[in-house]
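Subject: Handover of a structure and its findings

Dear colleague,

Please find below the structure that I am handing over to you.

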Amino acid sequence: MKTMKLNDGNQIPVVGFGVFQIPEGQETYEAVRAALEAGYRHIDTAAAYFNEADVGRAVKDSGISREEIYVTSKLWLQDYGYEAAKEGLAVSLEKLGMDYVDLYLLHQPYGDVAGAWKALEEAKEEGRIRSIGVSNMTPNIWNQWVPQFQTMPAVNQVECHPFFQQKALRELLAKDDVKIEAYQPLGHGDHMLLNHPVITELAEKYGKNAGQIILRFEIQDGLIVLPKSTHPDRIAGNLNIFDFELTSDEMETLHGLDTGKGHHDPETPGVAEMLLKNYRIHD
């Protein structure tokens, strides 16, 4: 598995397996087992996905050394603030059945972000987190919070795909070598994207499917990608992107697909309240 060096010196596999919206229990367990068997060594979960325990069980039962598997989880809004964040991390580690996580993110950029970040910085110093990062930060939100941090985030996990390439955000983050992790790297299954003539023509040329062309584009463009599926064939197929390379002209053509618009705008008024109402991870 190809890896990328983060700004804290740690290495991260450039393709991860995301488990967002995979139901907790056996379905998540089997999907993660299938991903590990297919060759993934990077699993991305979160407290608000309600399946950390299933991920931890699958990693343990895989027979693969814990040190060979890169595990990410995320702190939910209910646990923001310094003391609450320390407890939230402890709960995540307990559910995962692990002494540490390779990457821990602030899942959403609202509330007491600074207090939660301080707790993550301390946990990193203590060895319970290897790398720390954020998620869903636009340039405006980044500039609101990150200047208050003592430690620069290693990653910002955001929606990113050919129709929404986050060009302004990438330019901002590049100054501090902060990597973008792309969630919904296939555009949330957008048929207009998957059936776009540019992509289907490249798929025919290289003997790949549309998803593989998109993921290859993103990897070559310097992104970390987190495709998700519960189908073993698709899980394995999403990893089969390292045996070909797009030309510079093809990359330029794909860059031209950017619309500058995504499905989720973190700056939408009321989004923090909506998220807290709909995702309560504890009483």
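Helices (H or I, at least four residues) and strands (E, at least two) are DSSP runs, numbered from the N terminus. By this definition, Asp177 falls in the loop between helix H6 (167-174) and strand E9 (179-183).

Before the details, a word on the basis of the values. The model is predicted, so that local features need pLDDT of at least 70 and side-chain atom pairs count only at pLDDT 80 or more, while totals for chains, interfaces and linings use all residues. Residues are numbered from 1 along each chain as its sequence is written, and side-chain values use heavy atoms, with hydrogens and water left out.

The chain as a whole

The chain has 12 helices and 10 strands. Its C-alpha atoms fill a box of roughly 55 × 45 × 35 Å along the principal axes. The radius of gyration is taken over C-alpha atoms, and the globule rule is 2.2 Å times the number of residues to the power 0.38. For 283 residues, a compact globule would have a value near 19 Å, and the 18 Å of the chain agrees with this.

A residue is called buried when its relative accessible area is under 20%, exposed when it is over 50%, and partly exposed in between (1.4 Å probe, protein chains only). Buried residues make up 54% of the 283 residues. Contact means heavy atoms within 4.5 Å. Of the contacts between residues at least 6 apart in sequence, 74% join residues at least 24 apart.

Turning to charge, Lys and Arg count as positive and Asp and Glu as negative; His and the chain ends are not counted. The place of a charge is taken as NZ of Lys, CZ of Arg, CG of Asp or CD of Glu. The chain has 26 positive and 43 negative side chains, and the centres of the two sets lie 2 Å apart.

Two helices

The expected span of a helix is 1.5 Å times one less than its number of residues. For the 14 residues of helix H4 (residues 113-126) this gives 20 Å, and the end C-alpha atoms are 20 Å apart, which agrees. Buried residues of H4 include Val113, Trp117, Leu120 and Glu121. The buried residues of this helix pack against strand E5 (70-75), helix H3 (82-96), strand E6 (101-106), strand E7 (129-135) and helix H5 (139-145). Just after H4, Gly127 takes a positive phi of about 90°.

Why is H9 described as largely enclosed by the rest of the structure? The reason is that 10 of its 11 residues are buried. Among them are Gln212, Arg216, Phe217 and Glu218. Their cover includes helix H7 (191-194), helix H8 (197-206), strand E10 (224-225), helix H10 (232-237) and helix H11 (248-255).

Ile219 lies in this helix, which covers residues 210-220. With a relative accessible area of 5%, Ile219 is buried. Leaving aside neighbours within four places in sequence, Ile219 is in contact with Lys2, Val14, Val15, Val225, Ile241 and Phe242. Its C-alpha atom is separated by 33 Å from that of Gly111, 108 residues apart along the chain.

Residues in loops

Most residues other than glycine have a negative phi. Phe50 has a positive phi, near 65°, and is placed in the loop between strand E4 (42-44) and helix H2 (52-61). Phe50 is partly exposed, with a relative accessible area of 37%. Which residues does Phe50 contact, leaving aside its neighbours within four places in sequence? They are Glu24, Tyr279, Arg280 and Ile281. The C-alpha atoms of Phe50 and Ile281 are separated by 7.5 Å, although the two are 231 residues apart along the chain.

Asp177 also has a positive phi, near 55°. Its relative accessible area of 35% makes Asp177 partly exposed.

Not counting residues up to four places away in sequence, Ser229 touches Phe17, Ile22, Ala31, Arg234 and Ile235. Gly63, by contrast, is exposed, with a relative accessible area of 70%; its place is in the loop between H2 and E5.

Yours sincerely,
A colleague
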